[in-house]
2 protein chains.
Amino acid sequence: MNALSYALLSMLFRKSCSGYELMKMMGVFWQAKHSQIYPLLAKLEQKELVTYEHVGQTGKPDKKLYSITDLGTAALKEWIDHSPAAVPVQRDEFLIKVYAIGLSDPNTAIQLFEERIAMLMEKAAYLQSQVSEMDELMNGMLPGMNDKHFGRYLLYQRRVLTGREEIEWCKWAMSLIAKPSGQARPAAEE
Amino acid sequence: MNALSYALLSMLFRKSCSGYELMKMMGVFWQAKHSQIYPLLAKLEQKELVTYEHVGQTGKPDKKLYSITDLGTAALKEWIDHSPAAVPVQRDEFLIKVYAIGLSDPNTAIQLFEERIAMLMEKAAYLQSQVSEMDELMNGMLPGMNDKHFGRYLLYQRRVLTGREEIEWCKWAMSLIAKPSGQARPAAEE
DNA sequence: CACGCCATGTAAAAAGTTACATGATTGC
DNA sequence: GCAATCATGTAACTTTTTACATGGCGTG
C-alpha cells in the first residue's frame, strides 16, 4: 500500500468516482497518469478496499463507479492516525533553473519568471473557481470538521495561498534581477 | 538527460563538489539518494559534461571532486533558456491525510497538524542558519544577478517564505478544527 | 476532418527507493 | 562499545512515465 493507494481511498471517501474522475482529481495532490491509476484500482478491488459497479452512459462511454468499502475506510483511518509522515517531495525543474540563473542574461531570466507567473495565474483561476463552488454549497458558513467538504476546503485554501505567495516571490526576484547589484539590504522585518 | 542531471550540473556550476556533498545539497531541490547520484555522475562524466579528480584526505575517506566542464555549462544554459518547464510535482502524504481528516477525531487531527508544525520549524531553523551564512558573506548587501550566490539566495529565501506560510495555514486549520462548525465566514480580504 | 474530451486498459522503459557492501574516524 | 559522519559503489525492487491500443461524441 503506497501513497497513491491512500490518495485514491481518500478521494473515494468523499464521494464515489470513476477512475477517470480520480485521475482528474489527483491534481489536488500530484498528477498521476491513468496508466498507474487503473491497475491500482483493480488491485484495491482485489483487496476489497473498494468495489465498483458498471454505469452505462448515453453519449459517453460506460464507466466503472468505484466506492470505498468499510474495510477501505478502516485502512485509511488507520493510516491517517498511525503511520508516520513520509518526507514530502517537491520536484520542480523551475527551481533548478533559478539556482543557476546566473548563466542567463537578465532578459531571458525575466522571461523565465514571467512564464512562471503566467502558469501560476492560470492555476489560481482554476482554484478560485473550485473554491467559489464550495463557498456556494456552504453559503456563507466556514466549514467545521464534521463537514464532508472540510479536508478538501483546507487543501484548496492552501493551494490558493501558496500560489499567491509564489507570485509575490517571483516579483521580488524579478526586481532584484532588474536592479543593479550591491544594494543595501533593508532591515529585517519582525 | 533528466531533471536530476540538470540539478547536479546546476550545483556544480556554483562550485565543485563530491558526490556525497551533492547528495546533501540536493535537499534544496528534493532529497535524492546516493544510490541514484553516484551512477548518474559516472554517466555525466562519460558524456564529458563533468570531470573529476581524486582528492586524498586525512582522517576521512578519499573523495572524487567533480567539476562542470564547458560542455556541461553549455548544456545547462541551453536547458535553462530553451527547454519548456515541466509541471512541478509535489508528493506530500500529509496533504492526503488532510483531505480525509474528517475520519479522525479532533484531538488526533490537532496532533497531526502539531507534528507538521514541529517538522516545519526544524526545517526553518536549518534554512535560517543557511541564510545567515549567506548574509555574512555578503555583509549587508542584497545580491544582484551577477553574484555567484544569487540563485541560491533566491531559493533559500523562497523556502523560508513557504515554510512560514505553511505554519500559518496549519494554525488556521487547527483553529477551524477546535471551533464548532457553521461559523459565519468573514468578508474576503482585498 | 482533425482535435479534444470521455473512458479504459496493457507493455516497456525510466526514475527512484531500499537493501547489501565496505571501512576509517570522532563523539557519547 | 555503539552510533553517526564521511565516502563510494552495486543489486533488487517499486514507482512513475511514455507509448501503444481502442472508440464514440461534440466543436471549430
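Which residue in strand 3 of chain B is the bridge partner of Val89(A)?

Mentor: The bridge partner of Val89(A) is Arg91(B), in strand 3 of chain B. Please bear in mind throughout that this is a predicted model. The bridge belongs to a pairing between strand 3 of chain A and strand 3 of chain B, residues 89-91, which run in the antiparallel sense over three bridges.

The same surface serves both copies, for 100% of the contact residues of chain A recur in chain B.

The contact takes 65 residues from chain A and 65 residues from chain B. On the side of chain A that touches chain B, the elements giving two or more residues include helix 1 (3-14), helix 4 (70-82), strand 3 (89-91), helix 5 (93-99) and helix 6 (106-138). Strand 4 (141-142), helix 7 (150-178) and strand 5 (183-184) of chain A are also among them. Helix 7 of chain A gives the most to this side, with 13 residues. By type, the residues of this side of chain A divide into 37 nonpolar, 14 polar and 14 charged.

Tyr99(A) lies in helix 5 of chain A. Tyr99(A) counts as buried because it has 25 C-beta neighbours inside 10 Å, and the cut-off for a buried residue is 20 or more. Leaving aside neighbours within four places in sequence, Tyr99(A) is in contact with Ser10(B), Gly151(B), Arg152(B) and Leu155(B). Tyr99(A) and Ala42(A) are 57 residues apart in sequence, and their C-alpha atoms are 42 Å apart in space.

The second residue, Ile167(A), has its place in helix 7 of chain A. Ile167(A) counts as partly exposed, because it has 16 C-beta neighbours inside 10 Å. Not counting residues up to four places away in sequence, Ile167(A) touches Ile117(A) and Leu120(A). From Ile167(A) to Asp62(A) there are 105 residues in sequence and 41 Å in space, C-alpha to C-alpha.

In an unreviewed entry, UniProt places the feature "domain: Transcription regulator PadR C-terminal" at residues 91-176 of chain A. Over residues 91-176, chain A is 78% helix and 3% strand, and the end C-alpha atoms are 25 Å apart. The UniProt annotation "domain: Transcription regulator PadR N-terminal", also from an unreviewed entry, covers residues 8-78 of chain A. The span of residues 8-78 is 51% helix and 17% strand, with its end C-alpha atoms 15 Å apart.

Leu65(A) has its place in strand 2 of chain A. Leu65(A) is partly exposed, because 15 other C-beta atoms lie within 10 Å. Apart from neighbours within four places in sequence, Leu65(A) is in contact with Ser16(A), Ser18(A), Tyr52(A), Glu53(A) and Val55(A). Leu65(A) and Pro106(A) are 41 residues apart in sequence and 52 Å apart in space, C-alpha to C-alpha.

Strand 3 of chain A also takes part in the surface near DNA strand C, as one of the elements that each supply at least two residues. Others among them are helix 2 (19-25) and strand 2 (63-68) of chain A, and helix 1 (3-14) of chain B. Helix 3 of chain A gives the most to this surface, with four residues. Of the 24 residues around DNA strand C, Tyr20(A), Ser35(A), Lys63(A), Asn2(B) and Ser35(B) come nearest. The residues of this surface divide into nine nonpolar, nine polar and six charged.

For DNA strand D, strand 3 of chain B is one of the elements that each supply at least two residues of the nearby surface. Helix 3 of chain B provides the largest share, four residues. Of the 24 residues around DNA strand D, Asn2(A), Ser35(A), Tyr20(B), Ser35(B) and Lys63(B) come nearest. The residues of the surface near DNA strand D divide into nine nonpolar, nine polar and six charged.

Definitions and conventions
Residues are numbered from 1 along each chain as its sequence is written. Chains are lettered from A and ligands numbered from 1 in the order in which they are written. This is a predicted model: local features need pLDDT of at least 70, side-chain atom pairs count only at pLDDT 80 or more; totals for chains, interfaces and linings use all residues. UniProt positions are given in the numbering used here, feature names are shortened, and annotations may be inferred rather than shown by experiment. Two residues are in contact if their C-beta atoms, placed from the backbone, lie within 7 Å. Ala, Val, Leu, Ile, Met, Phe, Trp, Tyr, Cys and Pro count as nonpolar, Asp, Glu, Lys and Arg as charged, and the others, Gly among them, as polar. Two strands pair if DSSP finds at least two bridges between them. A residue is near a molecule or strand if its C-beta atom, placed from the backbone, lies within 6 Å of it. A residue is buried if 20 or more other C-beta atoms lie within 10 Å of its own, exposed if 12 or fewer, and partly exposed in between; C-beta atoms are placed from the backbone.
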